[in-house]
Structures are given as C-alpha cells and as structure tokens.
Amino acid sequence: MRGRLVWNLRVVAALGRRSVMQAFRRPQFLAPIIVFPSLFLAVNTGGAGRAVDLPQFPQVHGFLDFQLAGAMLQSTMLAGVSGAIALAMDIEIGFVDRLIAAPIARSSFVLGRLVATGMLGMIAGIWFIAVGLVFGAHIAGGVMGALVVIAMVALNALAWGTVGAALALKSGRASVAQGVFPLVFVILFLSSAFFPRGLLLEPAQTIADWNPMSLIAEGLRDPIISGLSFGSTMKGLGGIAIVAAIGTALSMWGLRARLRAG
Amino acid sequence: MAAIEIRGLERRFSGGVVAVAGIDLEVAEGEIYAFLGPNGAGKTTTVRMLTTLLRPTGGHAIVAGHDVVREAADVRRSIGVALQEAALDPLMTGRELMHLQATLHGIPRNDGVRRSTALLNRVGLTQAADRRIGTYSGGMRRRLDLATALVHDPNVLFLDEPTTGLDPVSRRAIWEEVRKLNDEGTTVFLTTQYLEEADQLADRVGIIDDGRMAAEGTPALLKAQVGRPRLELTLVTGVNSEHTRAVEVLARFGEPLPSKNGMLMVSLERGASDIALVVRALDEAGLGVETLNLVQPSLDDVFVEKTGRHLEGADKQPAAETGVGAEQ
C-alpha cells in the first residue's frame, strides 16, 4: 500500500517536472506567466499612478504596491490557461494516451500538470515580489507577509490549473484553450484586481462584490499594503478554495468524459 | 494459453457508428499477428480496446491473461504499446522520455537508467539520446517509440501501424527489431495497411474490413486459398468499349477481377498455361495487348477475394531496396 503511494507520488513528481521543463523550453508557455503580467504591471503603474490620489483609494506606500496583487493574480490565471494549452497539446499529439496506457492512476497526468502549474505560480510569486522590491515596493507584512503572498500565489495557480485542466480535458483542443485568454482579462477587470471596488462603476462594482477574484486579490494585497492579518489571509484562501472546488469538480467530470470517449 | 483472446468484441460510437462489429480472434504466445485492413477498417479501434484506452461496448477480450475491462491495470502492466502517431513530446530528449517511461512502469531509478541506456543502444539512438525529440526523423521517432514500449519487458507488444510513412530503410530497421523481439519470446500484435509488412513479419494475418474479420490464417494459407495466379494486362488503346469487350474475352479464362489503374485482371483458372490462349483470343477479337504480367497470388488478392475490392494503397508497397534514411 505504502509502496504504491510512493510510486504514485514519484509518477506525479516526474510528470510535474516534465511540465515545468516544458514551460521553460517553450517560451510561449512561460511568457503569459511572467512576461505579459510584468509588462501589464509596468504599463499600469506608469500610466495610472495618479489613481492613488483619488478620494476612495486606500492608503498605500505607492501605486506599485497596490498593483502587485493584480499582476500576480493575472499571472496565476494565465498559468492556468497555459497549463490548459499544454495539456490539450498533450491530448492532441497522443502523449496522454501514452500515460493512460501505462499502469498508473489515471488522474496522475492531471495531478502532474497541476503540480507544475503550482510550481510556476510559486516562481511567478517570487518574481513579482522581487520585481516589486527592486522598483521600490514596500511589503508591509515583512518577510512573513511576502512568504504568505508567494504561497497564496502558488495555491491560486493550482486552483486555476484545475479550471485549465477541465477546459483541456473537455475540449481536447489547444485552440479552444487559447481562445479563453481574453476571458481572463474580463474576469480580472470585473474584480478588485486592479482598482478598489469602491472606484468601480455599476454594474462592475456589484459583479466585483460577487467575483471570487476580488477575495483573492484583496487577500494577496493586504500583506503588501497593510500587513499580515488572519482575516484577509482567510478571505484570500476562501476565494482560492471556491475556484479550486469548481475547477476540481469540472476537471473530474472532464477526465471521466475523456476516458469514456477513449 | 493464448496471449490475446477476443470474443465478439464490439465498439459503437455515439451516432450509431460501429467501428468494430463483433470480432473473434486468438493470438498464441510468441506469435506475430498482423491485423491488416484499409484506413477506417477498425484496426486502431481494436488496438485501443486491447490496450485499455477504449472500453468495448460489447464482447470481451483477454490480454496476457487479464480481462481488458475488469483487470485493466494488470493488462497495462503486461503490455507495451507503440501507437499510430508516435506519441512523443518534441521538447523532451530521447533519454528523458525513456526515464519517464521507466518511472511510469514503477521501475526503480537506477534500473530505469540502465534499461534506458541499453534500449537506446539497441534501437541505434545512443548518439541522439540527448537531443530533443523534435529534431528526430520519422524513423528515429518510431524506434524511440518502440524502445519506450519495451522499457518494462512486456509480454505482449502492440504496434499500431509501426512503419506508416517511413522510408524503406527505416521500415526494414523496424521489421528487424520486431523479428528480434519475437525471437526473444515477445508476442507481437501489429496493425498495418502494408501487405508486404504483413507478409514479411506475420506468423498469421487477420484481415479486417468494415469492422468485421474478413479472413484469417497464415499468409501462405490465405494465398493458397486464392490459389490461382493472376494475369494483368493493358490494351494498346484504352477505349471504354474495347475495355468491355476485353473483359468478355478474359472471362472465358477465369474470373475477371476489379481493374486497377486501367489495368485489366483475370484470375487464370488453369494457371500460367493459359497465357498464350488469352493473348490469341484477344488478338482474334482485334484487341492489341500493350503489357502483360503474370502475378502469383498476394495478400491483396486475398483481400480482393474476401472483400471484393483492393486494399487501399496496395499498389504503393514499399520498395525495400530504394531510399536512404540518414538519421544520426
């Protein structure tokens, strides 16, 4: 029993390693996770920096501090979409058949992909904290705050990975997964990822109130702009749990459908 | 005990498409069995069911002593699979893929490294082992695919169209490897649309058409069932009316076969001794013969006999002595 568990963990680790390596060897997988959100962060911070002077804007050390959470959120969502594209490509070229024909748990190839997406999320978290610090951001929660943010970014990537996996398993086509990219921006702009909820117009404000991305954005932002607090961390984790629960249910359904279809 | 035993195996897809319509067959241990048929005949669907990638909708199949539905995990432990499109990640190196495949089969790390090295050497990919698979030629990919299928020493090896699209040299290399594996005791179930491949490699051949078994036996037995040699000829002028008249003349000497590429064919009832009589009869009918060829029965003839048509691409059989496969 224990031997079987160790073997399954070894398989998931090997598949996760392969997926991370794949991202580093194919720039189009890594660019949406690191490059696009970094550019978006630079443009947003440079172009809308005066937003901090607006009356309802929270007290922040600088606009970059406020925007870091949005960049990290964008990065993790795009990590999920990139994971979806990579998995769909594996289905298209028959690589998933190779895995299904091996005597491993059939969920292993999805778990391997999720582990990789979580790892890439962690890398993205470290990257954005480092970039923020280099360009003068101030992490109010200190080292512990930064570690909590990185951990939450990794978990959020994992959660979005489940959504991406569901998309890939159900469609089996990379082009479909690719088509989801613009939706990421719609979801983000209808949340408090880039602007405080109070500054959004209706109906965007109401949508943002119900959008779990707002919970995650605020959970990631609080350790940066106001310090670590149990409440905001739990709020962020709650948002991540909602995404993960929906994604896991959908990906299990997608996996069953794919295995049935052969 | 049979290595593969299939009874009434069936697969229906949504929309009422019946890809495999209840086939029966048995493959003995240590045998090379070729599953021959045109595109869409049901070969790949059958292999996907036997390798547990697809659930049958009817009948049952036992592979290496295990039921493909109830004991799917045991089947997967006992078989090696090389699928039609070599399912290889172009971003990995050959060695990385071998190591991954060893991990998938629960082989300890050191053993995996040792076996990978030996298999890469066996299929002639030692020098290319640390290159990305995306840089490999078609033949190298197939050889790597074959090596990955062998990493856990399977009892039964499934090869789905292992040489489709390969140059003759690469095709010969794969055949050679399959023969060696079989000599070492591995049962091989291969699908192919190449007659020569089935003829050269297989101990027994199963012909599948439209999801049903059309014929089964050793290549020699199947050809003997067809029995008679075939006369292929072209007329000096290819006018339709002359074509029809020629068929009438040929019918006196045996059963006319479906024409192929403008070539008339007749299965000679009394064998080669009739050739002169055929030519004379055509001459008397005012029909000039441009080319004439006596062909001994082939598996294509068996296919024609059993299904009433030629096997797709039967006239495009690999010319084994031509072509160069510079791969490393």
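Author: Strands β1 (residues 2–13) and β2 of chain B pair in the antiparallel sense over 9 bridges. Strands pair if DSSP finds at least two bridges between them. Strands here are DSSP E runs of at least two residues, and helices are H or I runs of at least four, numbered from the N terminus.

Reader: Is this predicted or experimental, and how are things numbered?

Author: This is a predicted model: local features need pLDDT of at least 70, side-chain atom pairs count only at pLDDT 80 or more, and totals for chains, interfaces and linings use all residues. Residues are numbered from 1 along each chain as its sequence is written, while chains are lettered from A and ligands numbered from 1 in the order in which they are written.

Reader: Which residue in β2(B) does B:E10 stand opposite?

Author: B:A21.

Reader: What's the strand order in the open sheet?

Author: In chain B, the order is β2-β1-β4-β5, with antiparallel pairing. β2 (17–28) and β5 (66–67) of chain B are the edge strands; each has a single partner, so one side of each lacks a neighbour in the sheet.

Reader: Which helix packs on the sheet?

Author: Helix α1 (residues 43–50) of chain B, touching β1, β2 and β4 (58–63) of chain B. Contact means C-beta atoms, placed from the backbone, within 7 Å. The direction of α1(B) makes about 115° with that of β1(B). Axes are lines fitted to C-alpha atoms, for helices over the stretch in contact, and angles run from 0 to 180 degrees between N-to-C directions.

Reader: Chain A now. How do α3(A) and α4(A) cross?

Author: The axes of α3 (residues 35–47) and α4 of chain A come within 9 Å and cross at roughly 155°. That makes α3(A) roughly antiparallel to α4(A), a term for angles over 145 degrees; under 35 is roughly parallel, 65 to 115 roughly perpendicular and the rest oblique.

Reader: And what about α4(A) and α11(A)?

Author: α4 (residues 63–93) and α11 (residues 212–225) of chain A pack at about 135°, axes 8 Å apart. So α4(A) is oblique to α11(A). Residues in this contact include A:F66 and A:M72 of α4(A), and A:I216 and A:L220 of α11(A).

Reader: Last topic: how many residues does each chain put into the contact between them?

Author: Chain B gives 21 residues and chain A gives 20. α2 (72–78) and α3 (94–104) of chain B each supply at least two residues of the chain B side.

Conventions: Contact = placed C-beta atoms within 7 Å.
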